[in-house]
Amino acid sequence: MRKSILIIGIILLAILPFVSADIPSPPNPTVKDIPIENHISNMDDFPEYVFVVYGDIPGMCSPKIIDEDGSVSGSFYKFCVISVYAVKKSDFDSSILTNNDYSQVQEYFNSSKAVKVIENLDFSKTVSITSTEDKVVNSYNISLNSLVPPEPKIKRDYKIYLYLIIPIVAILIVVVILSKRRK
Amino acid sequence: MNLIFAWILTIIIEWGVFCLFFRKDYLKLIGYSILINSITNPLLNFLLLFGINMITLEFLVFAVEIFLIKLLFDLRWKTSAILSFCANLSSFLIGIALGRFI
């Protein structure tokens with residue numbers, strides 16, 4: 001009787017964390033978001049161009065001119081796919097920054113006037129709560145002839161392998177201790 | 001909290017529990033505490049990266065430590081379970097308390 005109560009108790013304890021029914025998920029306490037600072041390092045090489053950062057969701061990812069120091073800032077809706085475009089100052093139409101007609105804005109950035117120089121910019125990154133990283137700085141060296149590839153979404157931290165190597169070494173030591181004890 | 005700090009702290013807390021329980025062979029006990037926590041603590045932090053629930057992981061650590069304590073200390077299953085429960089509850093509660101102050 002006692003044994004069956006104990007077994008039921010253990011099973012209940014094991015499944016308890018998975019019981020959530022319709023309760024909204026609380027924020028995940030094991031991860032945190034850190035900001036990504038994007039920076040164009042060679043903007044001075046293109047004095048005749050205006051650089052515009054733009055997403056692809058109307059009203060939420062409106063175009064913005066990039067500061068002269070090259071820092072790409074702004075707050076965008078999380079599902080926006082953010083790209084940076086270079087537009088010749090002579091071709092630049094500032095009304096595009098406030099234009100609410102999505103199709104016109106999209107058409108403008110798809111035209112030959114705008115050259116996409118960076119694509120898939122991220123402005124935040126989710127890391128483990130145990131991570132010591134507090135921000136990421138991405139520096140881009142752009143060219144008008146080639147698109148800067150997107151930053152890899154996952155930057156491997158090779159320290160993670162220590163999480164696996166240490167337990168394996170410890171298990172081996174335990175095995176050695178136990179086998180010596182048997183002899 | 002820094003991972004290495006958390007690891008060392010867990011080793012010390014669980015060693016304290018083992019010392020209170022056995023009251024002898026303190027050097028051997030620290031060795032066993034290092035071994036046990038070198039298996040469970042890094043694995044717990046590794047699995048945390050995948051967003052697995054902390055309570056589930058603590059329960060897993062508790063279960064694995066019963067097994068390790070049983071093997072290393074050569075105790076009965078029930079005694080191993082009690083010792084594992086006390087050691088893990090102490091480190092969990094002290095960890096939470098320190099986490100609020102650090």
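Reader: Leaving aside neighbours within four places in sequence, with which residues is Ser84(B) in contact?

Author: This is a predicted model: local features need pLDDT of at least 70, side-chain atom pairs count only at pLDDT 80 or more, and totals for chains, interfaces and linings use all residues. Residues are numbered from 1 along each chain as its sequence is written, chains are lettered from A and ligands numbered from 1 in the order written, and side-chain values use heavy atoms, without hydrogens and water. Contact means heavy atoms within 4.5 Å. On that basis, the partners of Ser84(B) are Phe62(B), Glu65(B), Ile66(B) and Ile69(B).

Reader: Where is Ser84(B) found, and is Ser84(B) buried or exposed?

Author: Ser84(B) lies in helix H4 (residues 77-101) of chain B. Helices (H or I, at least four residues) and strands (E, at least two) are DSSP runs, numbered from the N terminus. Buried means under 20% relative accessible area, exposed over 50%, and partly exposed in between (1.4 Å probe, protein chains only). With a relative accessible area of 0%, Ser84(B) is buried.

Reader: What is the relative accessible area of Ile82(B)?

Author: Ile82(B) also sits in helix H4 of chain B. Ile82(B) is partly exposed, with a relative accessible area of 44%.

Reader: What pattern does chain B follow along the sequence?

Author: Chain B has four helices and zero strands. Of its 102 residues, 41% are buried. Read along the sequence, the pattern is α-α-α-α.

Reader: And what is the order of elements in chain A?

Author: Chain A holds three helices and eight strands. Of its 183 residues, 27% count as buried. Among its contacts between residues at least 6 apart in sequence, 74% join residues at least 24 apart. From the N terminus on, the order is α-β-β-β-β-β-α-β-β-β-α.

Reader: Against which strands do the buried residues of H2(A) pack?

Author: In helix H2 (residues 102-110) of chain A, the buried residues are Val105(A), Tyr108(A) and Phe109(A). They cover an arc (taken from the directions from the helix axis to the C-beta atoms) of only 90° around the axis, so they lie on the same side of H2(A). The face turned away carries the exposed residues Glu107(A) and Asn110(A). The buried residues pack against strand E2 (49-54), strand E5 (82-88) and strand E6 (114-121) of chain A.

Reader: At what angle do the axes of H3(A) and H2(B) cross?

Author: Two packed helices are described by the angle and the distance between their axes. Axes are lines fitted to C-alpha atoms, for helices over the stretch in contact, and angles run from 0 to 180 degrees between N-to-C directions. The axes of helix H3 (residues 162-182) of chain A and helix H2 (residues 26-48) of chain B come within 8 Å and cross at roughly 150°.

Reader: How do the residues of the contact of H3(A) with H2(B) divide?

Author: Residues on the H3(A) side include Tyr163(A), Pro167(A) and Arg181(A), and those on the H2(B) side include Tyr32(B), Ser38(B) and Asn45(B). Ala, Val, Leu, Ile, Met, Phe, Trp, Tyr, Cys and Pro count as nonpolar, Asp, Glu, Lys and Arg as charged, and the others, Gly among them, as polar. The residues of this contact divide into 15 nonpolar, two polar and one charged.
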